[in-house]
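Student: I'd like to go through the labels on this model and see what backs each one up. Can we start?

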Amino acid sequence: MTYSEYNYFANIAITIFNFMNGNINRLNSKCELYIDMYDYVKYTYANIRYPNFIFIHIGTIIDSWNDEWEGYMSKSSYVVSCIAWALSHELHHADQLISMIQYNRNPAYKKSVEGDVERASYDWVVTHSKEIENLTGVELSINYIDSPSIPKTGNCS
């Protein structure tokens, strides 16, 4: 990640977050965004610190790019798509009523909670991709990005 990439994608993350915040998370609609370089512990793209702090790890997302994907999508398209999905994911968590004790101790419960949010957040970005493209000026490649944990259906709306 270069300094210019960090600044460019951090500004895009802010734009996307401002568009999503309150539209996805209607119950807990006062989330705050924090731009972070890397998640050195779990290498996540983003995380929520309850009740309403969203951290996005711009460097982790940028450095996950693989040059072999260039034939399918541009690096910019990939990074912006990942930013949008990661922010959507965390904002879906903001309205989720879960037991943090169960989440941290019960792998099946955690898998169910994450699966629900993966499905809902992915679908939200797909549904609103044209709006996100208009805001950012970057064509999304969300249809090329997948997750092994995304179920066919979920319990989130």
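Student: Is Y43 buried or exposed, and how do you know?

Tutor: Exposed means over 50% relative accessible area, buried under 20% and partly exposed in between, with a 1.4 Å probe and protein chains only. Y43 has 57%, so Y43 is exposed. This is a predicted model, where local features need pLDDT of at least 70 and side-chain atom pairs count only at pLDDT 80 or more, while totals for chains, interfaces and linings use all residues. Residues are numbered from 1 along each chain as its sequence is written, and side-chain values use heavy atoms, leaving out hydrogens and water.

Student: What is the phi of Y43?

Tutor: Positive, about 60°, although Y43 is not a glycine. Most residues other than glycine have a negative phi. Y43 sits in the loop between β1 (32-36) and β2.

Student: Why are α1 and α6 called oblique to each other?

Tutor: Angles under 35 degrees count as roughly parallel, over 145 as roughly antiparallel, 65 to 115 as roughly perpendicular, and the rest as oblique. α1 and α6 pack at about 135°, their axes 10 Å apart, and are therefore oblique.

Student: Which residues of α1 and α6 make the contact?

Tutor: Contact means heavy atoms within 4.5 Å. I12, T15, I16, F19 and M20 of α1 meet E131, I132, L135 and T136 of α6.

Student: What caps the N-terminal end of α5?

Tutor: N106 does: a side-chain oxygen lies 3.1 Å from the backbone nitrogen of A108. A polar contact is a pair of N or O atoms within 3.5 Å.

Terms used. Polar contact = N/O pair within 3.5 Å; in protein donor to acceptor, adjacent residues only side chain to side chain. Helix = DSSP H or I, 4+ residues; strand = E, 2+ residues; numbered from the N terminus. Axes fitted to C-alpha atoms, helices over the stretch in contact; angles between N-to-C directions.
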